[in-house]
Amino acid sequence: MSLILFIEQILNGVQFGVMLFLMAAGLTLIFGVMGLINLAHGSLYMIGAFAAASVAGLTGSFGLALIASLAAAAAAGALIELTVIRRLYDRDHLDQVLATFALILIFSEGTRWAFGSFPLFLEIPPYLSGPVTLPGGIEYPLYRLAIIGVGLLVAAGLFALIARTRIGIQIRAGESDREMIAALGINISALYTTVFALGAALAGLAGALIGAIQSVQVGMGEPVLILAFVVIVIGGIGSIKGALVGALLVGLTDTLGRVLLPAVFSQFMAPQAASSVGASLASMSIYILMAGVLVMRPSGLFGKA
Amino acid sequence: MNLKTLAMAGALGMAACAAQAEVKVGMITTLSGGGAGLGIDVRDGFMLALEQSGRTDIEVIIEDDQRKPDIAVQLADKMIQSDKVDVMTGIIWSNLAMAVVPGAVAQGKFYLSPNAGPSALAGKGCHPNYFNVAWQNDNLHEAAGAYATDINSTNTFVLAPNYPAGQDAVTGFKRTFRGNVVGEVYTQLGQTDYAAEIARIRSSVADTVFFFLPGGMGISFLKQYADSGVKKPLIGPAFSFDQGILQAVGDAALGVKNTSQWNKDIDNPTNAAFVASFQEKYGRLPSLYASQGFDTANLLISAVESADVNDPDAFRAALEAADFKSTRGDFAFGNNHHPIQNIYVREVIKEGDVYTNKIVGTALENHADAYAPECRM
């Protein structure tokens with residue numbers, strides 16, 4: 001494999017990882033602060049994509065579409081926090097899984113009822129479409145570079161929010177001792193709603209960004225949700241830094257596994273068998289990575305023991 | 001009214017129903033979840049044909065399999081045992097068809113497939129009561145291989161999901177392609193990001209790319225391929241270019257060649273009337289799936305007109321005769337009850353604001369599937 005192809009694949013892995021980070025950051029924040037397993041996070045991703053596709057269809061503006069995705073997902077997040085999730089904090093994880101799974105079904109069928117069964121159209125804006133030539137003669141789609149940029153900006157913003165702002169202090173305090181910050185006079189239910197809406201908005205943004213290069217359809221969030229759970233388990237539940245590192249690891253492992261494993265097997269197998277075996281093993285690679293990380297560090301890379 | 005008269009009234013009512021509906025059809029299809037667009041099109045095409053026939057003696061029970069084999073099997077058991085259907089139809093996906101069809105035909109029901117055509121049911125596993133009105137799974141891929149050969153492609157790159165229908169697709173393509181396959185990639189079923197695969201296509205020596213990625217996978221691939229700036233021509237079966245998908249792909253699909261047994265511009269009166277009436281009733285253009293549902297219903301109606309469903313031999317002969325006006329023009333079954341038909345090359349075009357297909361050539365004429373000789377019935 002040529003060096004140029006290898007670098008291009010690394011960029012692909014980073015881009016995939018950054019997108020996973022947007023999903024995983026919200027998931028890990030919600031789990032870290034409230035101890036809640038939110039299976040409906042994938043539905044918020046879908047809501048972001050559908051909101052973006054509708055607004056882009058009406059106005060033709062991709063910027064407005066992104067704002068709409070943030071607003072719609074945050075509003076949906078706040079709404080389900082106030083009506084459903086709030087009742088689940090004291091329950092055990094099984095009840096939370098059951099209730100948020102019900103939310104997936106409600107959102108999926110609700111979206112189908114509102115938008116129909118056929119996929120929606122969302123396009124890369126003209127100023128971001130097409131490939132650019134990077135130093136070294138690598139041709140790479142500009143839009144994917146933009147996703148990497150947006151993802152890294154969001155990561156930097158989240159670190160600043162958590163390390164430097166008042167609400168960040170409250171989030172960190174909530175992670176370590178929920179009862180105590182309530183006793184100190186912090187309005188804990190407002191904090192929970194805010195964190196939930198923030199996590200939802202990030203998922204919605206991811207949905208809108210990815211919707212432009214994939215298909216905007218009912219059920220698009222669930223495959224990403226599974227990967228996002230893998231990411232936060234690898235990174236350590238509740239840790240934003242862990243989510244970033246875990247997401248990049250998963251993105252790179254998945255992409256390079258898909259490329260390298262079939263090539264490795266073709267050294268000593270027939271081409272068709274090699275690509276089939278390599279593809280099967282590549283789809284397992286991130287789970288093998290997760291198992292390996294958990295053997296070495298049972299609470300994840302950056303998790304609290 | 002006491003209990004006895006109530007029971008009598010009920011029995012009378014049931015008798016009246018039974019007299020009214022002479023043929024009961026059980027339709028199991030996908031109406032929710034990711035693949036719902038296909039099932040909805042088949043159902044709408046089927047019901048449109050029934051409505052146009054004006055017949056009241058055909059009753060259709062429609063159930064949603066959610067694309068899950070276990071649910072499809074439960075629905076089939078219920079339809080056969082408690083609804084007592086005579087004919088079954090509707091299944092979209094080959095893995096669901098494999099779970100339902102062998103059991104249904106073994107219990108003496110007729111099964112008319114409006115879509116799935118797995119090779120296992122076309123060769124040694126063929127059955128006198130199983131009819132496929134659409135195609136055998138390999139057919140459209142064989143046509144793609146023939147087309148790639150026709151345009152003198154010498155090196156091609158093939159891409160398909162890593163599951164049985166994906167491997168069948170590559171097998172079908174290779175059966176008719178005379179050039180070299182320089183890259184063969186199997187992706188995960190349901191994969192949505194193809195950046196790694198597109199990078200390999202860019203660096204390969206291929207002059208064409210054959211891909212089979214049905215539904216949302218195809219939408220993702222086409223958008224990403226167009227944005228990557230790779231200019232190698234794409235060839236694929238119609239499944240990634242049906243009317244339901246094209247609007248979500250947009251300009252990225254323009255000019256791509258794909259192979260299909262049907263298109264809305266096939267020139268015959270039945271097809272013209274079908275396209276116009278479908279558009280009028282449902283407010284959208286029909287897809288190939290809708291045409292398959294429409295043809296399936298018309299085949300059934302033609303058999304009901306000439307034979308009694310309670311006489312299986314006569315009814316089977318009436319189905320084999322296929323004496324109905326198909327949207328594809330002349331229609332005939334081969335010895336294994338799969339169609340013998342032309343498969344066309346289409347190009348994606350834009351008509352006004354709507355993306356659709358136009359026939360630009362014929363890839364295979366009067367094509368039968370490769371498994372027919374293995375069928376003994």
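Predicted model: local features only at pLDDT ≥ 70, side-chain atom pairs only at ≥ 80, totals over all residues.

Among the elements of that chain, the highest mean pLDDT, 96, belongs to helix H3 (residues 62-83) of chain A, while helix H7 (residues 178-183) of chain A has the lowest, at 83.

An unreviewed UniProt entry annotates residues 16-37, 44-60, 66-85, 97-122, 142-163, 184-213, 225-252 and 273-296 of chain A as "transmembrane region". Two of these spans can be described from the coordinates: residues 184-213 of chain A are 80% helix and 0% strand, with end C-alpha atoms 47 Å apart, whereas residues 225-252 of chain A are 86% helix and 0% strand, with end C-alpha atoms 18 Å apart.

Turning to chain B, where does the second largest pocket lie? Its lining takes residues from both domain 1 (3-135 + 267-337) and domain 2 (139-260 + 342-374) of chain B, and therefore the pocket lies between the two domains. The space in the second largest pocket comes to about 530 Å³, and 27 residues line it, with Trp93(B), Ser94(B), Asn137(B), Tyr163(B) and Ala165(B) nearest its centre. Helix H4 (94-106) and helix H6 (164-176) of chain B each contribute at least two lining residues, and H4(B) gives the most, with four. Sorted by class, the lining of this pocket consists of 18 nonpolar, seven polar and two charged residues.

Notes
Residues numbered from 1 in each chain as written. Chains lettered and ligands numbered in written order. Heavy atoms only, no water. pLDDT = per-residue confidence, 0-100. UniProt positions renumbered as here; feature names shortened; annotations may be inferred. 1 Å grid on protein atoms, 1.4 Å probe; cavity = no way out; pocket = protein on both sides within 12 Å on 5 of 7 lines; lining within 4 Å. Points joined across faces, edges and corners; volume = space filled by probe spheres on them. Nonpolar A, V, L, I, M, F, W, Y, C, P; charged D, E, K, R; others polar. Domains from an automatic or database assignment.
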